[in-house]
Amino acid sequence: MTKPSLPDLLHAAVSAVGGTERPGQVAMAEAVAEAIDDNSHRLIQAGTGTGKSLGYLVPALAHGERVVVATATLALQRQLVERDLPRTVDALHPQLRRRPQFAMLKGRSNYLCLHRLHEGAPQDEEDGLFDQFEAAAPTSKLGQDLLRMRDWADETETGDRDDLTPGVSDKAWSQISVSSRECLGATKCAYGAECFAEAARERAKLADVVVTNHALLAIDAIEGAPVLPQHEVLIVDEAHELVSRVTGVATGELTPGQVNRAVKRAAKLVDEKTADSLQTASETFERVMELALPGRLEQIPEDLGYALMSLRDAARNVISAIGATRDKSVQDEDAVRKQALAAVESIHGVAERITNGSEYDVVWYERHDRFGATLRVAPLSVSGLLREKLFEDRSVVLTSATLKLGGDFNGVAASLGLSPEGVEGDDVPVWRGLDVGSPFDYPKQGILYVAKHLATPGREGTRGDMMDELAELIEAAGGRTLGLFSSMRGAKAAAEELRGRLENPILLQGEETLGELIKSFAADPKTCLFGTLSLWQGVDVPGPSCQLVIMDRIPFPRPDDPLMSARQKSVEEHGGNGFMAVAATHAALLMAQGAGRLVRASGDRGVVAVLDPRLATARYGSFLRATLPDFWCTTDRNQVRRSLAAIDATAKADGK
């Protein structure tokens with residue numbers, strides 16, 4: 001039997017989802033197949049509308065070996081498992097003569113824990129476990145959510161948090177879930193045979209395609225104990241997010257509240273002397289944290305160093321003692337012991353990491369008005385980790401709409417631990433970059449407007465001229481505006497100011513769930529939606545409801561961001577340009593994502609307005625502009641107002 005050709009398979013898949021084949025999608029599928037066949041690596045930029053999911057799924061399914069697809073967002077995971085994969089498998093089945101299996105796999109805490117549900121959650125104030133359903137007032141929101149989750153537990157086939165609709169708060173979910181450290185293990189747990197997390201792992205072991213998230217991919221790489229099944233091909237979608245997700249997983253933190261909870265959980269399980277030493281260390285740490293000022297700690301202060309050594313040593317003694325004692329008076333002792341061990345091991349790990357001190361770690365204090373001070377430690381870079389763990393034993397394809405920053409792939413490649421394209425050597429993973437373009441005609445569909453006449457944004461204070469410009473642009477557009485702000489304070493200030501000046505409804509991130517806000521924004525063209533980071537990347541509103549995307553300023557990281565400033569300084573110490581490598585790259589990625597909110601379909605028209613003159617006047621402006629879609633560019637404010645008014649009039653004439 002002749003092997004079906006890739007073009008035939010792609011044609012069948014595209015027809016099954018009711019799509020249209022696009023040259024970029026064909027080029028992408030061929031590049032993915034080539035990378036799989038010669039066991040090499042690809043960075044593929046595929047613009048919005050390319051149909052990149054099928055561009056990698058079809059060659060992956062045709063290959064026949066197990067493939068892991070890791071993506072950043074829940075929305076894309078669900079789209080792959082609920083829509084793209086079922087249709088693609090059905091379409092390819094006749095030609096492949098087999099039906100590839102697929103499964104979703106997430107971290108353990110994403111699944112309902114039957115032991116926690118039936119036996120209770122850890123009670124910090126008292127010993128043992130407590131029945132959270134009895135403890136929560138049935139009329140409270142928490143109580144109602146717990147009762148609803150108990151009913152859902154009898155119906156769900158997956159136990160996956162994301163299948164529970166409507167969703168619940170993190171606090172409610174924590175009552176019926178456990179982390180991998182807290183889990184008793186299937187063999188020791190009375191509910192091991194019915195465990196949802198274990199069932200998901202078993203399904204993944206049998207699947208040809210495993211869909212997971214960046215966080216689980218990071219855990220699999222960092223912790224050494226494999227979570228994902230063996231696989232020959234890894235496809236990372238939304239790959240522009242990977243470095244920040246891996247950094248998040250590799251970041252440790254300590255707070256006085258977290259340490260106090262660990263003390264309470266461990267107290268019943270160890271002798272008084274051991275418990276007292278952890279309590280004393282906890283109190284010392286709390287006193288130090290009360291005086292903590294936000295910022296990076298290039299040297300660990302003496303009082304903090306002493307507090308951390310005391311915590312580390314006391315935690316180590318508690319861990320040894322918990323392992324050596326049994327106490328039958330504790331209800332469900334194994335679960336209580338596991339909970340306490342997980343809490344104390346976490347504290348020991350972070351305290352030891354900071355105490356040991358590594359030139360590759362950054363340590364800093366954060367302070368929150370409500371929660372007090374937090375001590376954090378994060379890797380200066382994850383590039384070495386990614387190079388070693390990601391590219392060694394498999395073919396890797398990384399794809400996103402934004403991988404070329406400033407016109408080439410090398411910036412993103414360096415953050416992933418890869419050498420510049422074309423460099424070869426014994427320990428150098430070989431990769432090639434491919435930009436398959438976009439089916440959209442950006443110069444005809446969009447305008448990039450830079451408000452060159454405005455004052456350069458300062459760090460503090462309101463920008464009166466910017467507010468006037470914002471109001472005039474929104475009026476010209478008839479609403480239809482997505483406002484992307486570099487800080488929540490900026491978004492709030494603009495919303496408050498313009499609600500008093502304009503008749504258009506202005507929605508503000510945080511005043512409702514993101515899903516509800518986007519739904520309301522899409523439903524009413526007169527409406528504007530203002531917000532910060534998650535809006536820069538998470539909004540997909542094709543059509544006339546989003547015809548003006550405004551960025552208040554170039555989204556450089558804050559100068560006092562400890563991790564970013566440490567990374568910038570490190571690049572400079574090694575002879576590089578820290579500003580371009582870190583701050584400008586960070587801003588370019590966000591601006592490309594933000595500008596990508598405008599044109600989501602072939603009929604979309606509109607303006608991306610950047611209210612920061614530096615995009616036109618600063619030397620780095622050309623680097624940032626080279627990262628954005630190829631819109632027609634202007635600094636003429638009157639031209640832009642006329643264009644927006646014309647786009648608004650056309651939409652109204654079409655009844656939209």
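**Sheet and spaces**

Modeller: In this predicted model, 7 strands form an open sheet whose pairing is parallel, in the order 3-6-2-7-12-1-13.

Colleague: What is the bridge partner of Leu43 in strand 12?

Modeller: Strand 1, residues 41-45, pairs with strand 12, residues 395-400, in the parallel sense over 4 bridges. Within strand 12, the bridge partner of Leu43 is Leu398.

Colleague: Which elements give two or more residues to the lining of the largest cavity?

Modeller: The count comes to 3 cavities of 30 Å³ or more, and the largest cavity holds about 230 Å³ of space. Its lining has 22 residues, with Cys113, His115, Val178, Cys183 and Cys189 the closest to the centre, and the lining residues divide into 14 nonpolar, 4 polar and 4 charged. The elements that give two or more residues to this lining are helix 5 (114-119), helix 9 (196-206) and helix 15 (333-356).

Colleague: How many residues of the lining of the second largest pocket are charged?

Modeller: The second largest pocket has a volume of about 380 Å³, and 14 residues line this pocket, of which Asp220, Gln230, Lys389, Asp393 and Arg394 lie nearest its centre. Helix 10 (214-222) and helix 16 (383-390) are the elements that give two or more residues to the lining. The lining residues divide into 5 nonpolar and 3 polar, and the charged ones number 6.

Definitions and conventions: Residues numbered from 1 in each chain as written. Predicted model: local features only at pLDDT ≥ 70, side-chain atom pairs only at ≥ 80, totals over all residues. Heavy atoms only, no water. 1 Å grid on protein atoms, 1.4 Å probe; cavity = no way out; pocket = protein on both sides within 12 Å on 5 of 7 lines; lining within 4 Å. Points joined across faces, edges and corners; volume = space filled by probe spheres on them. Nonpolar A, V, L, I, M, F, W, Y, C, P; charged D, E, K, R; others polar. Pairing = 2+ DSSP bridges.
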